[in-house]
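Have a look at the picture before reading on.

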Amino acid sequence: MKLLVCVAWPYADGPLHLGHIYGAYLPADIFSRYERMIGNDVVMVSGSDEHGTPITFVAEKEHVSPAEIAEKYHKINKEILEKMGIKFDNFSRTSSENHKSVVKDFFLEIYNKGYIYEGKMISPYCPTCRRFLPDRYVEGTCPYCGYEHARGDQCDNCGRTLDSQDLINPRCRICGTTPEFKETKHLFFKLSSFENQLKEWIETKDYWRENVKNFSYNFIKSGLKDRAITRDLDWGIEVPIEGYENKRIYVWFEAVIGYLSATKEYGNMVGKPDLWKEYWQDKSVKHYYFIGKDNIPFHTIIWPSMLLAHGGLNLPYDVPANEYLKLEGGKFSKSSMHGIFMPEILEKFHPDLIRFYASLNLPELHDSDFSWEDFYSKVNTELIDKFGNFVHRVLKFAYTKYRMVPPVIEIDDQDYEALNKIRETGENMSKSFEKVELKKAFKEWLNLVYYGNQYFDKFAPWDVCKKDEEKCATKLHISLMIVKALAVYAYPFLPFTSEKVWSMLGYRENIEKFGWAEAINPVEPNKLNEPEILFKKLNYQSFDEWNKLDIRVAKILEVKDHPNADRLYLIRISLGNEERNLVAGLKSYYTKEELTGKYVLVLYNLEPAEIRGFVSQGMLLAAEDGQNVSLLVPTEKIEGIKVLANNVESKPNGLISHKEFSKIKFEIAKIEKNNEKIILKGKNGYSVNLKILENYIGNECVIVHEKTSPIVLNTKNGIITLDREVSPGAKVK
Ligand SMILES: [Zn+2]
Ligand SMILES: [Zn+2]
C-alpha cells in the first residue's frame with residue numbers, strides 16, 4: 001500500500017523547538033517508520049516555509065535580507081531533523097524553483113476555473129511606516145478571548161483566525177502606531193463555494209480525532225468567507241496575473257501547495273518525474289497530515305478546498321493534529337523565546353532520550369507538559385533502569401555463558417506465556433498505530449519491558465544455569481527473544497537504540513528490512529557481540545548557569561569613602577595570594593567598621609568596570625528583599641577559596657558581563673527539615689539532596705536556579721549564608 005505522509009512546514013525564522021518536535025515531526029516519523037516496517041510504501045515530505053511575514057519580521061529585526069534568514073534556518077532545521085532521526089524522503093523549501101513553478105501552475109489552474117477573483121479589501125496602513133501592513137505586522141487584543149498579543153491573522157491563544165480589523169486596539173508591530181484602514185485591491189479565493197462539499201466530506205471522517213473534527217465543524221458552522229490570497233509584500237512568490245507585480249501570493253496559500261511540490265521534486269530526485277501521480281492521483285493512496293492544532297483550519301478546510309477547486313488530486317485521509325506542549329506549565333513558543341530549542345537540547349542529550357520522553361508524553365488528545373524533573377526521572381527509571389538494564393543483563397549473561405544465541409530445547413508454560421506476550425504486544429501496538437494513537441502504542445512497548453524484567457527475575461539464570469543446562473539455554477533464548485521483540489517494536493520510537501540492540505544480537509542487516517512481524521520469530525543462532533551499556537544514567541543537575549561563575553571567599557582589608565559618590569565605598573579585599581579593589585554601593589547599609597575584617601563573597605570573574613572614576617575588579621555579593629540588604633557570607637572563613645554549588649566546582653570560561661550575570665537567578669531560602677527530607681523555603685519549597693545542609697537547619701542559604709533544579713552555594717566544609725535577616729525569596733545582586 002502507498003502512503004503519503006505530509007508534515008507541517010516550519011517557518012525558517014528560527015531554530016525548531018521541542019514543541020515543534022512533539023507537535024508534528026516526531027509523530028510523523030514514528031508513524032512512517034512503523035508503516036515502512038509493515039511493508040508499506042511511504043513517502044514523507046515537508047520543507048522550510050521561507051516566505052511571508054514571519055521571515056521578513058525577523059530579517060528586519062536582525063538587519064539582514066529575508067533570504068539570508070531563510071537560508072540560515074533552513075540549514076539549521078534540516079540538520080536538527082537529521083540529528084533527531086526524523087527521516088524525510090524530501091525536506092524541501094518554498095524558495096525552490098520547483099515549488100514556485102508548481103504554485104504558479106496550481107494558482108492559474110484554479111484561476112482559470114473561476115475560483116479566484118479580484119476584490120477590494122480594507123487593509124491596515126501604517127502612516128508612520130508609510131506602508132500597508134501584512135496581517136502579522138498588526139497586533140492587538142483578540143475580540144474572542146481577550147488575549148492581548150493576538151496577531152492580525154490569528155490568535156495564538158484561542159486559535160481563531162482573525163482579520164486585522166477584528167482586533168481591539170490594533171497597533172503596528174514595527175513602530176507601535178495605530179494603523180489606518182484603507183482600501184486596496186487583492187485577489188480572493190472562493191472558499192465560500194466549498195461550504196457544503198466540505199461539510200459532507202468531513203462527515204465521512206468518523207475516524208478523525210475528536211478535537212480536529214469539532215474544530216473543523218465549528219469553523220464551517222460560523223460560515224466560510226472568501227479569503228484574500230495576495231499580500232502587500234515583496235518577499236514571496238510572484239502573482240502570475242497582470243497588475244499584481246507589487247504583491248505576492250499569501251504565504252499560507254502557497255505553503256500548503258508544498259506537499260504537492262515536494263512530492264514532485266522527490267520524483268525528480270529519484271529519476272521518476274511522473275512518480276508524484278502515483279501518490280496524488282491514485283485514489284487508494286492515503287494522505288496523512290501531521291500538524292499542530294493551530295494549523296487545523298488550513299489542513300481540514302482551506303487546503304481541501306484548494307484541492308477541490310483544482311480537481312484530480314487526493315484530499316487528506318487523516319489529519320492527526322496534536323495539542324500543545326507546555327514547558328513547566330507555560331506555553332512553548334518560538335516567537336516569545338519561551339521554549340527549549342533543539343540545538344541546545346541536542347547538545348546535551350542523545351536523540352533517543354528526547355524521543356523516549358516525547359513518546360511517553362505526546363500531546364495527542366490534550367496538552368502535555370514538559371518538566372525537566374520528570375524528564376530526568378522517566379529517562380533514568382524507565383528507559384535506563386528498566387529497559388537498558390534488562391537488555392544488558394540478558395545479553396551479558398548469554399554472551400558470557402555461550403558467546404552465541406543458545407537453542408530452545410523444551411518450553412514450559414511460563415515460556416508460552418512469554419511468547420504470547422510478545423505476539424500480543426505487537427498486535428496491540430499495530431491496532432494503536434492504525435488509529436495513530438502513538439502514545440498508546442509506546443506504552444504497550446513499555447509494558448513488554450516490564451514483563452521482560454519479571455520473566456528474567458523469575459528465571460533466575462544465576463541459579464538455574466548451574467543445575468539445568470537445557471532449561472538455562474531455553475530460558476535464555478526466550479529472554480533474548482524478548483530483547484529482540486523490544487528492538488523491533490522500539491524501532492519507530494527509538495531508532496538509534498533499536499539498531500544498536502539489533503546488532504548486539506548479532507544481526508548484520510538493517511532492522512527495517514526484517515520488518516515488524518520478525519519480532520515473533522526465534523532469534524537466529526547468531527554469534528553474539530560483547531554487549532555494551534546502552535545509556536549512562538543522567539546526572540540530574542545541569543550546572544549550566546553555575547559554570548559561568550567564579551565566586552570566591554575574600555576578606556575585607558580596608559574601606560574608604562568614594563570621593564565622587566555619596567553612596568559608594570572603595571573597598572580593598574584579600575583573596576589569599578592576591579589583593580583587589582572594589583567599588584560597592586553599601587554605604588547606606590553598612591558602616592566602615594562593620595565591614596572591615598569581614599569575610600565576604602566576591603564575583604571574581606566579572607568584567608572590570610569603571611564606576612565614577614575608579615575601576616572595580618569584581619563585585620561583592622549581597623541579598624536584597626526590597627527593604628533589607630545583607631552581604632552573603634561564608635561559614636568557612638578561608639581567604640581565596642572557591643565557592644562550590646552542591647559541592648561542584650564551577651568551570652568558568654573567562655569573564656562574565658554584568659548583563660549575563662544579571663540573568664542568572666539567585667534566591668535566598670531557609671533550610672527546614674520535614675519528614676527526614678530537607679526542604680529549602682524560598683519563593684517556593686525546593687527539596688535538595690545535599691548532606692552538608694543537615695548541620696544548618698534553621699539557617700538561610702543561597703540558591704542558584706538551574707534549568708533542571710536549584711543548587712545550593714557552599715564551601716568544602718560549610719555553606720554560604722547571610723549576616724543579616726532578609727525575607728526568603730530575596731534576590732542576590
Ligand atoms: Zn508602523
Ligand atoms: Zn483569542
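When we talk about domains here, their bounds come from an automatic or database domain assignment. With that in mind, the protein chain splits into domain 1 (2–104 + 251–331), domain 2 (110–248), domain 3 (371–520) and domain 4 (546–732). Between the C-alpha centres of domain 3 and domain 4 there are 51 Å.

A quick word on what you're looking at. This is a predicted model, where local features need pLDDT of at least 70 and side-chain atom pairs count only at pLDDT 80 or more, while totals for chains, interfaces and linings use all residues. Residues are numbered from 1 along each chain as its sequence is written, and chains are lettered from A and ligands numbered from 1 in the order in which they are written.

Now for a sheet. Strands are DSSP runs (E, at least two residues), numbered from the N terminus, and two of them pair if DSSP finds at least two bridges between them. Five strands make an open sheet in the order β19-β18-β17-β20-β23, with antiparallel pairing. Because β19 (579–584) and β23 stand at the edges with a single partner strand each, one side of each has no neighbour in the sheet.

Let's zoom in on β20 (residues 599–603). Its antiparallel pairing with β17 (residues 551–561) runs over five bridges. Across from Y599 in β20 you'll find K555, and L603 in β20 has I551 opposite. β20 also pairs with β23 (residues 619–620), again antiparallel, over two bridges. There, V602 has L620 in β23 as its bridge partner.

Terms used: Helix = DSSP H or I, 4+ residues; strand = E, 2+ residues; numbered from the N terminus.
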